[in-house]
Amino acid sequence: MKIYNKKKIEFLDLGQQPLANYYLNKNQIQKKEKKYRLVVCYDVKNKLVSIKKTFSSKMMFNNKYPYRSSMSKTMQKSFKDLSIQIKKKIKPKKILEIGSNDGSFLKNFKKNISIGIEPCANVEKITKKNNYNTIAEFWTLKLAKKLLKKFDKMDLIYSANTISHIKNLDDVFKSINLVLSDNGVFIIEDPSLLECLKRNTYDQFYNEHIYVFSYIGLKNILKKHNLEIFKIDSLDIHGGSNRYFIKKKECARKIEHSVKKHCNIETKYGLDKIKTYLQFSKRVEKSKKLLLSIFTNCKLKNKKVIGYGATAKSTTILNYCKINDSMIDYFLDTTKDKQNKYTPGTKIKIKRYNGSIEKDVDYIFLGAWNFKKEIFKKENKYIKSGGKFIIHTPMPKII
Ligand code: SAH
Ligand code: TMP
């Protein structure tokens, strides 16, 4: 444990890591990769958990960004279900999405009421092609001012798995306050810190995930900007996420019981105590040893292991546990921009998923463990014929 800045305590060291979504071409695998030390800190004052070393947004989110929300049926369904809820209960006249990616959420709304902000031009253009109004820029106060002039205030602002990727939260929420109508609703959806600790999913931490939010941390930052959470939904998405419904302080919407309930659960678990984070760190070390022993055993027995879902999260696991191409033959992934490339740091080949698993595969390491249900359903044939998966959460095991 190390204290720096007098306010932040380092509680987890995940070692040298490459940038998570930087999949390598064949000619890049011989070259030296950019690496950094992935250390996770607890901010005592604000009760926020964040990574220590951060990179510029432009470096991480550019026209080579490989992630597509549409690759998962689970996400598509979740966006659709939420859109039905929004249309019924909030009835917005104007919607803004921050981090709209390939338009998987916005496509549930009418084109003339929706605006998407997506800095990665390669994904932004997919939404634009479908005739949605999108802006290929980063969400900043400067952009918010421009938007206000052109489109006036928004009744609904939605941002999934994006706010936790932006370092300057003060700038984010100041901008929200400017653009949100007085009775408007701002919805943030991000992985839950409580679930991350409970499920030992330390791979929620990588260069893009600057924060993993808890209610008790997020509320402290929102408060500075006159914003407050009035409802929280717990979701199973991405290994346990929270959907926070936020309003301006003076807005009359009732604060629902789910907020108090959530606060009590987080406090009872000890998310406001450093001891909780140190215990988590010990469990992560144990998890590493166990996972490595599973892989070593497979190698000793000459078993063929492949990976399924070359996720940004699995970059953290593989590099922390030092699992490389001598232990995993290749990864399968449905994302075109990842195929025929190599995993960052560990240089494991990523192959195109063509709808089935090769017969000689003994074990599949589930990189996309957050879509376990969806994948197990899809790979029913492999499972029925005795195929096994290796999964690292809550503790590494073969299932
Ligand atoms: N909302 C989608 C995509 C999440 S991935 C989903 O939940 O599936 C994170 C997205 O946020 C990426 O598409 C990335 O380009 C975008 N992003 C990152 N920083 C941003 C910023 N400052 N402003 C707006 N979008 C940003
Ligand atoms: P994520 O965990 O960052 O959302 O990434 C999920 C990755 O897993 C993405 O690269 C797509 C891949 N994937 C598959 O290859 N097959 C699947 O069935 C699913 C659900 C995801």
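Predicted model: local features only at pLDDT ≥ 70, side-chain atom pairs only at ≥ 80, totals over all residues.
1. Asparagine 161 has a side-chain N or O atom 2.8 Å from an oxygen atom of ligand 1, and for a polar side-chain atom of asparagine 101 the distance to a ligand oxygen atom is 3.0 Å. The protein buries 98% of the 570 Å² that ligand 1 exposes when taken alone (accessible areas by the Shrake-Rupley method with a 1.4 Å probe).

2. Ligand 1 is surrounded by 19 residues, of which Ser69, Gly99, Glu118, Ala160 and Asn161 are the closest; a residue counts if one of its heavy atoms lies within 4 Å. The shell has 12 nonpolar residues, 6 polar and 1 charged, with Gly classed as polar, and Tyr, Cys and Pro among the nonpolar.

3. Strand β16 (residues 363-366) runs parallel to strand β17 (residues 388-391), joined by 3 bridges. Isoleucine 364 has phenylalanine 389 in β17 as its bridge partner. Strands are DSSP runs (E, at least two residues) numbered from the N terminus, and two of them pair if DSSP finds at least two bridges between them.

4. On β17, strand β18 (residues 397-398) pairs in the antiparallel sense over 2 bridges. Isoleucine 390 stands opposite isoleucine 398 of β18, and a hairpin of 5 residues joins β17 to β18.

5. Residues are numbered from 1 along each chain as its sequence is written, and chains are lettered from A and ligands numbered from 1 in the order written. Local features need pLDDT of at least 70 and side-chain atom pairs 80 or more, while totals for chains, interfaces and linings use all residues; side-chain values use heavy atoms, without hydrogens and water.

Technical notes. Polar contact = N/O pair within 3.5 Å; in protein donor to acceptor, adjacent residues only side chain to side chain. Helix = DSSP H or I, 4+ residues; strand = E, 2+ residues; numbered from the N terminus.
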